[in-house]
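Here are my notes on the model you sent. Please read them with the structure open.

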Protein chains: 2
Amino acid sequence: MEISRWVVCGLIGFLTGLIACFIDIAVEELAGIKYRVPIAAGSGIPQIKCYLNGVKIPRVVRLKTLVVKVFGVICSVVGGLAVGKEGPMIHSGAVVAAGVSQGRSTSLKRDFKIFEYFRRDTEKRDFVSAGAAAGVSAAFGAPVGGVLFSLEEGASFWNQMLTWRIFFASMISTFTLNFFLSIYNNKPGDLSNPGLINFGRFESDSGAYNLYEIPLFIAMGAFGGLLGALFNKLNYWLTIFRIRYVHRPCLQVMEAMLVAAVTAAVSFTMIYFSNDCQPLGPEHKKEWRVQLHGNSLFNTPERSVRSLFHTQAGTYNPLTLGLFTITYFFLACWTYGLAVSAGVFIPALLIGAAWGRLFGILLASITPNGSIWADPGKYALIGAAAQLGGIVRMTLSLTVIMVEATGNVTYGLPIMLVLMTAKIVGDYFVEVMSAPVTCLNRIEKVGTIVDVLSNTSTNHNGFPVVMQGADSDEPSKLCGLILRSQLIVLLKHKVFVELARSRLTQRKLQLKDFRDAYPRFPPSRASTCPRTRGSA
Amino acid sequence: MEISRWVVCGLIGFLTGLIACFIDIAVEELAGIKYRVPIAAGSGIPQIKCYLNGVKIPRVVRLKTLVVKVFGVICSVVGGLAVGKEGPMIHSGAVVAAGVSQGRSTSLKRDFKIFEYFRRDTEKRDFVSAGAAAGVSAAFGAPVGGVLFSLEEGASFWNQMLTWRIFFASMISTFTLNFFLSIYNNKPGDLSNPGLINFGRFESDSGAYNLYEIPLFIAMGAFGGLLGALFNKLNYWLTIFRIRYVHRPCLQVMEAMLVAAVTAAVSFTMIYFSNDCQPLGPEHKKEWRVQLHGNSLFNTPERSVRSLFHTQAGTYNPLTLGLFTITYFFLACWTYGLAVSAGVFIPALLIGAAWGRLFGILLASITPNGSIWADPGKYALIGAAAQLGGIVRMTLSLTVIMVEATGNVTYGLPIMLVLMTAKIVGDYFVEVMSAPVTCLNRIEKVGTIVDVLSNTSTNHNGFPVVMQGADSDEPSKLCGLILRSQLIVLLKHKVFVELARSRLTQRKLQLKDFRDAYPRFPPSRASTCPRTRGSA
């Protein structure tokens with residue numbers, strides 16, 4: 001069983017890497033062809049986070065979802081929308097994990113009769129964590145970042161063996177991607193492209209940054225937090241609006257097409273009115289540096305980010321950068337949450353890199369000794385981190401992902417400080433939490449449970465179980481979490497006790513009873529439980 | 001209180017970085033001067049691991065220990081013993097953490113009356129984790145590796161906020177080291193030397209490794225595990241021998257001097273009889289590549305490791321490498337556990353790099369198409385990982401440390417596989433565990449507790465508390481751990497219950513009662529507890 005866990009993790013990593021490779025090659029081959037098919041919905045990261053934290057989303061880890069997702073993201077990225085491919089990548093990893101570990105597929109209607117002992121929520125969730133980590137790993141070439149992402153966002157219970165297995169899946173994933181990409185690029189054995197998205201190497205030989213720049217970085221972090229809060233607020237309103245008015249599929253397709261049209265129109269207008277086209281030097285073979293707005297249309301956004309990080313001073317016109325930041329900010333905000341496969345990381349990085357570079361250029365021009373701020377690419381990196389941190393509010397894992405993607409630990413401290421500032425500032429403005437929490441007592445009336453389960457306002461997938469303190473003014477203690485599905489199984493088997501506080505020796509449910517019902521539990525209304533006055 | 005935690009973590013990082021910087025500069029300045037003063041004992045890593053896992057070692061986190069340690073490691077490294085400076089570095093971090101967080105120093109006999117709310121075992125242990133992480137971070141330039149080291153080796157309870165704070169301390173530590181070293185090297189702002197020990201950058205542009213090499217790597221991992229098991233076994237016997245016969249300080253000093261003399265004699269003999277001295281090219285400014293054995297004497301071992309990793313094929317003579325591996329293996333084994341400040345990481349890396357490179361050379365010579373194994377430095381890296389993994393048996397954190405120290409994620413997968421193999425093989429041969437475990441019941445007789453506490457064979461610092469299952473054949477469940485000190489406080493305050501199973505309402509001890517006694521608890525014999533027939 002322990003060995004099969006490792007095998008499954010290895011398989012998860014391998015398949016995730018393979019999918020990443022497929023996406024990369026497809027985008028590479030199709031780049032330039034206009035090709036817009038808005039299918040499959042959303043980033044996938046929030047769904048996976050929900051899944052890992054116990055919120056049940058129907059069909060989130062089905063094979064059909066995976067197939068639609070992969071094609072969706074290829075089309076969106078190639079189509080030039082303001083999206084990235086990392087969210088769908090993480091989702092793909094999770095779907096692979098759910099499929100491989102369970103040994104059966106609902107979409108294919110096949111049960112391979114293997115790994116039956118993994119058909120439990122805890123096991124499945126652990127594997128889905130591994131899949132998410134493998135996805136991050138493939139997306140950013142950041143295996144350690146992937147592990148920490150899973151731990152920070154997903155895992156409720158953490159132990160060393162689990163972490164070690166997740167790390168294994170991440171490593172296999174980035175290796176597989178790398179290996180097949182190196183064959184595709186006709187350079188077998190060149191394993192230097194660990195992720196779909198890499199920032200290029202930041203060389204720190206000639207003065208990376210100075211101590212007096214750190215307050216500036218922190219200020220940029222605060223600005224990023226502010227912009228991030230604005231982004232999230234706008235997106236929240238948009239989502240509310242969409243839920244109310246854009247709920248029919250045909251409307252969703254129309255909205256996606258509208259976004260695509262507006263993106264194209266804005267980009268072309270900007271190209272027409274600005275005049276800082278770059279000559280195409282012979283050294284830029286694949287980096288068609290046409291122009292910034294052209295970039296977002298003709299080029300994949302990752303390349304634009306890399307270009308903002310690494311081209312020398314004087315390449316970009318400040319006015320263009322400013323206009324680009326504003327338009328791309330609103331476009332990305334509109335695009336994210338659209339019914340297309342999309343990631344928010346890359347758009348956030350691109351927005352941040354643009355205003356960060358603008359900041360660097362302005363700094364160099366207004367200070368008397370401008371040459372000490374020689375490298376606007378550095379400010380682009382910090383801006384990108386600030387913007388991304390302000391939107392997604394991750395800390396530990398994001399720092400590691402950024403450090404791994406830059407391939408340089410030198411910028412670790414500033415990135416960390418920037419992400420902390422962005423999170424604090426962002427959290428100050430936007431806070432999401434629903435209160436009060438619906439709790440169950442350790443011994444609870446059947447009637448109460450049925451009420452809670454059938455009430456639509458408490459359609460959560462798990463409920464905290466609390467124990468009342470000895471004194472009534474003492475706060476009650478958390479004993480654990482009971483899942484909706486477990487409650488339903490208990491109700492269905494009528495495991496009731498006539499009198500409270502008598503021992504529960506009548507009939508014990510085996511683990512098997514829960515496993516048999518997994519994962520298709522009957523809805524609570526179907527379980528015809530008598531409204532007896534007992535306790536479950 | 002939350003803010004002061006962050007401040008303390010920042011301080012810990014800063015001071016640890018400062019110490020690392022001091023050690024580095026001192027070794028740099030003194031290298032070449034013969035200077036042997038064997039003071040202060042051992043690596044420090046085992047002690048800190050013990051401390052973090054609840055084993056009390058007297059004076060392990062005192063200021064006096066720190067001062068002696070720092071000077072000890074400088075002298076040992078400069079003196080040319082087969083030791084590294086990373087173990088003492090980790091210990092230094094832990095001592096700094098314990099001192100700063102408690103706001104008082106026993107060595108200085110001062111109480112600064114600050115951070116009094118941190119005077120609890122859990123708080124102190126969290127800070128010591130942060131200190132250990134800062135130490136690893138400074139030693140290897142591996143902040144993420146440091147965090148994972150703390151989590152893998154130390155932390156019993158893991159949460160996101162704690163990890164994030166530990167990461168902060170690590171980052172500050174590596175930054176501080178880097179910053180001051182850049183000033184020392186007259187290149188302010190050049191933050192490209194993140195750790196005391198770095199392996200130099202592995203460029204992977206031209207074919208890092210191929211798929212068919214992975215089985216070879218795994219075989220090397222197994223060999224490393226074997227050698228590591230041998231090393232540990234020899235060291236275990238040596239330790240037993242030392243405990244029996246070399247327990248007086250004057251004998252310990254004499255042994256250390258003997259080791260130093262033998263090291264020097266062996267090195268000079270080897271230099272005399274081998275004849276593959278390298279010409280000193282103008283490009284090697286600081287890398288005095290005299291000769292391998294000379295290296296271990298005239299040069300710091302880290303430089304030898306770097307040289308084994310990075311010089312091109314044909315530099316080293318296979319015969320010399322073989323002889324060097326054997327002699328250095330036994331010297332390192334003898335030196336480690338000696339009463340001097342010493343780390344085992346660097347010697348292990350050096351041994352492994354030597355046999356790994358030898359393996360690479362042999363492979364290139366016996367295979368018909370030798371040029372495909374062009375780079376023996378790669379095999380040196382894998383060998384180093386295998387040997388280190390075989391000795392220390394760490395997995396997750398060691399992989400990350402190695403990846404961070406090579407500055408390249410490309411070798412992540414082979415390093416991981418090698419470390420896993422080395423651990424499995426090594427564990428198969430040497431396993432350390434004492435049985436049966438002394439447990440206490442949830443309700444236990446006072447007499448039993450006094451017996452356990454005063455028995456010298458159960459002089460542990462904590463005891464697992466178990467609950468008997470309902471059936472007698474059911475295994476008993478672990479409820480938690482109670483510390484020796486907590487038991488003593490309970491006994492001292494005579495918190496007994498006359499009848500078992502009556503409720504413990506008589507008198508409740510406050511947290512303050514435990515904190516007041518902290519950390520100087522009376523020995524259990526001094527607490528004059530009456531041998532009443534009650535339950536504590």
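This is a predicted model: local features need pLDDT of at least 70, side-chain atom pairs count only at pLDDT 80 or more; totals for chains, interfaces and linings use all residues.

1. Helix pair in chain A. Helix α12 (residues 318-335) of chain A packs against helix α13 (residues 345-366) of chain A at an angle of about 155 degrees, and their axes are 9 Å apart. Angles over 145 degrees count as roughly antiparallel, so that description applies to α12(A) and α13(A). Their crossing is left-handed.

2. Residues in that contact. On the α12(A) side the contact is made by A:P318, A:L321, A:G322, A:F324, A:T325, A:Y328, A:F329 and A:A332. From α13(A) come A:P347, A:L350, A:I351, A:A354, A:W355, A:R357, A:L358, A:I361 and A:L362. By class, the contact of α12(A) with α13(A) has 14 nonpolar, two polar and one charged residues.

3. Helix pair in chain B. For helix α12 (residues 318-335) of chain B and helix α13 (residues 345-366) of chain B, the packing angle is about 155 degrees and the axes are 9 Å apart. The two helices are therefore roughly antiparallel to each other, and α12(B) crosses α13(B) in a left-handed sense. Among the residues of α12(B) that meet α13(B) are B:F324, B:Y328 and B:F329; those of α13(B) include B:W355, B:R357 and B:L358. The contact of α12(B) with α13(B) divides into 14 nonpolar, two polar and one charged residues.

4. Helix α18 of chain A. How many of the nine residues of helix α18 (residues 484-492) of chain A are buried? Seven are, so the helix is largely enclosed by the rest of the structure. They are A:R484, A:S485, A:L487, A:I488, A:V489, A:L490 and A:L491. After α18(A) comes A:K494, which has a positive phi, near 55 degrees.

5. A:F223. This residue lies in helix α8 (residues 214-245) of chain A. A residue is buried if 20 or more other C-beta atoms lie within 10 Å of its own; A:F223 has 22 and is therefore buried. A:F223 and A:G390 are 167 residues apart in sequence, yet 8.5 Å apart in space, C-alpha to C-alpha.

6. Strands in chain B. Strand β4 (residues 462-467) of chain B runs parallel to strand β3 (residues 440-441) of chain B, and two bridges join them. B:L440 has B:V465 in β4(B) as its bridge partner. With strand β5 (residues 477-483) of chain B, β4(B) runs antiparallel, joined by six bridges. Here B:P464 is opposite B:L481 in β5(B).

Note on methods: Residues are numbered from 1 along each chain as its sequence is written. Chains are lettered from A and ligands numbered from 1 in the order in which they are written. Two strands pair if DSSP finds at least two bridges between them. Helices (H or I, at least four residues) and strands (E, at least two) are DSSP runs, numbered from the N terminus. A residue is buried if 20 or more other C-beta atoms lie within 10 Å of its own, exposed if 12 or fewer, and partly exposed in between; C-beta atoms are placed from the backbone. Axes are lines fitted to C-alpha atoms, for helices over the stretch in contact, and angles run from 0 to 180 degrees between N-to-C directions. Angles under 35 degrees count as roughly parallel, over 145 as roughly antiparallel, 65 to 115 as roughly perpendicular and the rest as oblique. A crossing is left-handed if the near helix is turned anticlockwise from the far one by less than a right angle, and right-handed if clockwise. Two residues are in contact if their C-beta atoms, placed from the backbone, lie within 7 Å. Ala, Val, Leu, Ile, Met, Phe, Trp, Tyr, Cys and Pro count as nonpolar, Asp, Glu, Lys and Arg as charged, and the others, Gly among them, as polar.
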